[in-house]
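Colleague: I'm new to reading protein models. Could you walk me through one, feature by feature?

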Amino acid sequence: MNSIVVPVIGALVYIIGLRFYAFWVDRKVIGADGKRATPARMFADGVDFMPTSRNILFGYQFKSIAGAAPVLGPIIAIKWGWLPVFLWILLGTLFIGWVQDYTSAMVSVRNDGKTFGGISFTLISPRARTILLIFIYLYLLLIAAAFANTVATALAHAPRIPLAIVMLAVAGVVVGFLIYHGRVHLALVTVIGLILFYVALVINGHFSIVFGTPGTNRLVWLLFSLVFAFFGSILPIWIFVQPINYLSFYIILIGMIGAVLGIVIGRPVMQQPAFTSFTVGSLPLWPMLFVTVACGAISGWHGIVSSTGTSRQLENELDARPVAAGAMFLEMMLALIALVIVGVTTPGAQASWDQLFGSGLGNLFHFIGMPARWGEIYGPVMIVVLAITILHLVVRFMRIATNELLGKALPIVRLPVVGTTVAVFLAFVLAWTGTFNYIWVLFGSANQLMASLALLIGSVWLVSENKKAGFAIVPMIFMYLTTMAALVLTSKQLLYQAVSRTDLLGKPLTSAKIAGNWISGIIGLVLFGAAVVLAYDGVKALIGHARQSHGLEKG
Amino acid sequence: MDKEKEQKKKRGGIFGGFREFIYGMAAHDTARFALKTRGSMEHLFILVTMGDMLGIPILPPYYSLRLLPYVVPQIATWKRRMLREKDFTDTLA
């Protein structure tokens, strides 16, 4: 099939979903009212609560939700064939993804801008908040481990890009300094930062940076990614994290523009098989595909962003649909582009997922008159930049979360250096001892489970408000069952390998891998247990609210 | 309807919308964080100057009283921020 069909069908789903389905839910079910005061207007403090233009908020929401996962998910899941991935991205977004993002924003808007913690305390149960916060902490840990692994793998496989990544950090510090101390114009600063980055990329193109054996090399890059994240967490945000993420935005944008132009001009044919098998290796299509492709279809992270950042900035309730739902549909397009990039590569090539992405990008760059080699180098650059910009933010959040969860019992973790060291150490242990595919699946499961919990909170709120809740309850049940099945399956495989001390093919495991399997398997079980308790409390609250609403109606 | 058109005109049509979208992606969170930092600093300042009223005697009441007129406009927002229920997810976005 011609690859242009993929984004064209995606665009149709975008229009139909946003214009009709989301519009119906927004106006008829939720009853969004443009005259109703939003928290941003009611509590406008110019800090957390701040009425913001719809277009700015749309960009903010899209940037906050579209990280590495919508790009990496389809690349890793291509092993099942591009068709199931394509269908899941489309249908997942249309029936589940935007519902979660939009409902999370509206629940918060109608509850004075409260976050999930506060809302679950009020609507579900007091212990729901505590469990939810522990759940989110483990979720952050899995993101950190998965993305540190991603950076290490991509840098180990692409020895001609590390200098550019190091230069990105240097350029970020220079940019931050020039903006805040030098008061230099933003456009000039941006050009300087990008020149530094691209010069380093060109220079590194002439030689390879490799440290010892493949194992040592990967360890060095894993440590590098975590040291990078460490500085991101302890330094003031304007010195390191913000300028790096600002420059990264342009680096990714340039790559995506190249890919889109390549698709439109070249219209290459999808080379990868449409469908391979229902079970690839030890991973069955259901539930594993649905947790491997997370962000492009549905992601719990979006619910957190919608309920904490976006809901407090909406100046009008009617903006929630184009902002929250619109950004989700746009992210679906991003995932589809990633699917095309990897779909046009030659099947059967013995390459890892990051190399496949580079190869696909090279094919597309070739159509716009650039050497394919540039794309092959730029692909891993995009993956590393996408992952590392999330990684240092996540470690920063983990530091704050460690402080909040353990700060009272163990005051020393309140020190940023100690809190960050705890976060980085945990991420390192998991990333170094764990197996990438399993960590990715665990991260995807935690992510999707977070989404189903967000849908649960949304459903409880809808029922408590006596509104139709079917559009949220059905996806919630589907996602809950799927992710719980994925967690059980993954934990079972991990613990089986840990006990038998061999992998699934019977090959003996190193003691580090055995320890990693124990840790990953136990994290999977803890997430499973937390989700069971939350679901129990949630369903009880749901029934309670339904009875109350029914009684009120009768009364 | 006229109000809506007026708002669109104010935003600069499609080009203005696109510009805002790019700003939202590239720099809005930076601007937000700067505001959050300023907010925290202001609250700290209020705590230092008005701490006596809260049982934290940092500054002699004489100076607090002299500064009171400048702080009064901010008290409502400050109180709301201080008393609002918070958890670590607040920092995520």
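Colleague: Let me start with a single residue. Is Thr420(A) buried or exposed?

Modeller: One thing to keep in mind as we go: this is a predicted model. To judge burial, we count the C-beta atoms around a residue, and 20 or more within 10 Å means buried. Thr420(A) has 24 other C-beta atoms within 10 Å, so it is buried. You'll find Thr420(A) in helix α17 of chain A, which covers residues 416-433.

Colleague: Which residues does Thr420(A) touch, leaving aside its neighbours within four places in sequence?

Modeller: Thr420(A) is in contact with Phe230(A), Ser233(A), Ile234(A), Val395(A) and Arg399(A). Take Ser233(A): it sits 187 residues from Thr420(A) along the chain, yet their C-alpha atoms are separated by 6.5 Å.

Colleague: And how do I read a nonpolar core? Which residues touch the most other members of the largest one?

Modeller: Think of a core as buried nonpolar residues linked to one another. Here the largest has 206 residues, and Ala144(A) and Ala427(A) touch the most other members. The top contributor is helix α7 of chain A (residues 126-157), which gives 21 residues to this core. Not counting residues up to four places away in sequence, Ala144(A) touches Leu391(A), Val394(A), Val395(A), Met398(A), Ala423(A) and Ala427(A).

Colleague: Can we look at burial over a whole helix? How many residues of helix α4 of chain A are buried?

Modeller: Nine of its nine residues, so call that helix, residues 69-77, mostly covered. Among the buried residues of α4(A) are Pro70(A), Leu72(A), Gly73(A) and Ile76(A).

Colleague: At what angle do α12 and α19 of chain A pack?

Modeller: About 105 degrees, for α12 (residues 285-292) and α19 (residues 470-500), with axes 9 Å apart. At that angle, α12(A) and α19(A) are roughly perpendicular to each other. Pro287(A), Met288(A), Phe290(A) and Val291(A) in α12(A) meet Thr482(A), Thr483(A), Ala485(A) and Ala486(A) in α19(A). Sorted by class, that contact has six nonpolar, two polar and no charged residues.

Colleague: What about the backbone angle phi? Where is Arg267(A) placed?

Modeller: Arg267(A) is in the loop between α11 (241-266) and β1 (279-280) of chain A. Its phi is positive, about 40 degrees, although Arg267(A) is not a glycine. It is also exposed, with 12 other C-beta atoms within 10 Å. Arg501(A), not a glycine either, has a positive phi of about 60 degrees. You'll find Arg501(A) in the loop between α19 and α20 (511-554) of chain A. With 13 C-beta neighbours inside 10 Å, Arg501(A) counts as partly exposed.

Colleague: Now the other chain. How many helices and strands does chain B have?

Modeller: Four helices and zero strands. Of the 93 residues in chain B, 14% are buried. For a packed pair there, look at α3(B) and α4(B): the angle is about 135 degrees and the axes are 10 Å apart. That makes α3(B) oblique to α4(B).

Colleague: Last one: how many residues from each chain take part where they touch?

Modeller: Chain B puts in 28 residues and chain A 32. On the side of chain B that touches chain A, the largest share comes from α2(B), with eight residues. By class, that side of chain B has 11 nonpolar, eight polar and nine charged residues.

How values were computed
Residues are numbered from 1 along each chain as its sequence is written. Chains are lettered from A and ligands numbered from 1 in the order in which they are written. This is a predicted model: local features need pLDDT of at least 70, side-chain atom pairs count only at pLDDT 80 or more; totals for chains, interfaces and linings use all residues. A nonpolar core is a set of buried Ala, Val, Leu, Ile, Met, Phe, Trp, Tyr and Cys residues joined through C-beta atoms within 7 Å. Helices (H or I, at least four residues) and strands (E, at least two) are DSSP runs, numbered from the N terminus. Two residues are in contact if their C-beta atoms, placed from the backbone, lie within 7 Å. Ala, Val, Leu, Ile, Met, Phe, Trp, Tyr, Cys and Pro count as nonpolar, Asp, Glu, Lys and Arg as charged, and the others, Gly among them, as polar. Axes are lines fitted to C-alpha atoms, for helices over the stretch in contact, and angles run from 0 to 180 degrees between N-to-C directions. Angles under 35 degrees count as roughly parallel, over 145 as roughly antiparallel, 65 to 115 as roughly perpendicular and the rest as oblique.
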